[in-house]
Amino acid sequence: DFSIRFTSDGKKQSKGMKCTVKCTDDGSGSGPVSSCTNCTTNDGTPCKFPFVYAEKVYQSCTTDDSDNGLPWCSTGVSAGGFHVQGEYGTCSDECSQTNSTGSSAACQTVERPYDKLTNNFPEECLEKLNKTSKNIYFFGNSYTYFNDLPGMVKKLAANLGFTVSTGQRTPGGQQLAGHAAAGLPEGDWDVVVIQGQSQEPAIPPQYVYQSRLPSTQSIVDNARKMNPCIIPVFYLTWGRRDGDSGNCQYYNKFCTYDSMQDRLTESYSTFAYVNQPARVAPAGEAFRLIEDRSFLYTGDGSHPSASGSYLTACTLLETIWGTSCLGNSYKPVSNADRLQQVAHEAVMSRNWTWPQSDGKPPCDHCVG
């Protein structure tokens, strides 16, 4: 476990600020041609759009969290467009506001490097991707080595007649940065399963963007240097059974299972989106489908029981091969039939593979 401290992106409303409206000219003498409004504060500092504040993306001025009800904009953003605390100004009436009508849109001046991604495998990978025999490497920690999750996946696949070899790096409590530093060992790997420390993807989006997402990119980039056809599978873990009481006081998404699961799902989906082509194995969402989920955990309310690991293995099987656990005769737990069904429902609940046709990020406020 770890403890976290965050600097709030809270703000105090500044006084006497306004923005001016400017338009661009194409040099023809015909006047302004821009269809958007360039908002600035009264000291000439440009507004930054889009900006991310309080886990929401703003394309224009807003009155959210304004002390005096006046619309404001961010004038300073970090990489990815996340609002920098204290850097903002009050907008004038001419500037477009969120949900306003009849005014021109605010000019979008902040680059979004991960907007509308559609990266797919090279055509020459098709034969390798369709192989039923797989060499799978697991990056993880105790959530992977408890109950020998790789062994469970191997036995489920063997029951289908598939040949599987596995390798793993699973030190207890290992975070994504540690896996990135270690790198993928030499080998003819077809799949790399990536699982972070159980709390780190649940921290606020700007911190995941700045300090966790780059580690996933390093892992995947290095793996692709070895094999451009390797399939990155992000193993989406589960929220703590009762929430994370140790970190609840610092970030409210840790306070309950559901809110923690929401953040984990946002982060792991973002990892796959940014590292596409990639997939997510939705183990945590399978946990969510079971209302009486306590039996999926050990007594600490964090680590998986044998049933929890089996449920996870079934999501991995279907994510990697496209074949569900339904009817699989490898049943090491008494409630295997129920878990097979739930795993299949979780995988089928949405599209967990990227790229997707619309190119949109699964979590808009997670990528700036």
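The questions and answers below concern a predicted model.

User: How many helices and strands does the chain have, and what percentage of its residues count as buried?

Analyst: The secondary structure of this predicted model comprises ten helices and 13 strands. A residue is buried when its relative accessible area is under 20%. Applied to the 368 residues of the chain, this gives a buried share of 54%.

User: What share of the contacts with a separation of 6 or more is made by residues 24 or more positions apart?

Analyst: A contact here requires heavy atoms within 4.5 Å. Among the contacts in the chain with a separation of 6 or more, the part that comes from residues 24 or more positions apart is 74%.

User: What is the accessible surface of the chain, and how much of it belongs to carbon and sulfur atoms?

Analyst: The accessible surface of the chain amounts to about 15500 Å².

User: In what order do the strands of the six-stranded open sheet lie, and which strands stand at the edges?

Analyst: The six strands form an open sheet with mixed pairing, and their order is E9-E8-E10-E11-E12-E13. Strand E9 (164–169) and strand E13 (353–354) each have a single partner strand, so one side of each is left without a neighbour in the sheet. The strands at the edges are therefore E9 and E13.

User: How do E12 and E13 run, and which residue of E13 is the bridge partner of Ala-278?

Analyst: Strand E12, residues 278–281, is joined to E13 by two bridges, and these strands run antiparallel. For Ala-278, the bridge partner in E13 is Trp-354.

User: Which residues are closest to the centre of the second largest pocket, and which element gives the most to its lining?

Analyst: The second largest pocket holds about 170 Å³ of space, and of the 16 residues that line it the closest to its centre are Arg-279, Thr-319, Ile-320, Trp-321 and Gly-322. By class, the lining of this pocket divides into six nonpolar, six polar and four charged residues. E12 and helix H9 (306–321) each supply at least two residues of the lining. The element that gives the most, with four residues, is H9.

User: How many cavities of 30 Å³ or more are there, and which elements give two or more residues to the lining of the largest cavity?

Analyst: The count comes to two cavities of 30 Å³ or more, and the largest cavity has a volume of about 40 Å³. Its lining includes Pro-205, Tyr-209, Arg-263 and Cys-366, and by class the lining has six nonpolar, two polar and one charged residues. The elements that give two or more residues to the lining of the largest cavity are helix H5 (205–226) and helix H7 (257–274).

User: What classes of residue line the second largest cavity?

Analyst: The second largest cavity contains about 40 Å³ of space, and among the residues that line it are Lys-128, Lys-134, Asp-190 and Asn-227. By class, its lining has three nonpolar, one polar and three charged residues.

User: Which elements do the buried residues of H3 pack against?

Analyst: In helix H3, residues 149–159, the buried residues include Leu-149, Met-152, Val-153 and Leu-156. Just after H3, Gly-161 takes a positive phi of about 85 degrees. The buried residues of H3 pack against strand E8 (134–139), helix H2 (142–145), E9, strand E11 (231–235) and H9.

Terms used
Residues are numbered from 1 along each chain as its sequence is written. This is a predicted model: local features need pLDDT of at least 70, side-chain atom pairs count only at pLDDT 80 or more; totals for chains, interfaces and linings use all residues. Side-chain values use heavy atoms; hydrogens and water are left out. Buried means under 20% relative accessible area, exposed over 50%, partly exposed in between (1.4 Å probe, protein chains only). Accessible areas come from the Shrake-Rupley method with a 1.4 Å probe; for residues, only the protein chains shown count as cover. On a 1 Å grid over the protein atoms alone, a cavity is a set of points where a 1.4 Å probe fits but cannot get out, and a pocket is an open set with protein on both sides within 12 Å along at least five of seven lines; lining residues have an atom within 4 Å of a point. Grid points are joined across faces, edges and corners, and a volume is the space filled by probe spheres set on the points. Ala, Val, Leu, Ile, Met, Phe, Trp, Tyr, Cys and Pro count as nonpolar, Asp, Glu, Lys and Arg as charged, and the others, Gly among them, as polar. Two strands pair if DSSP finds at least two bridges between them.
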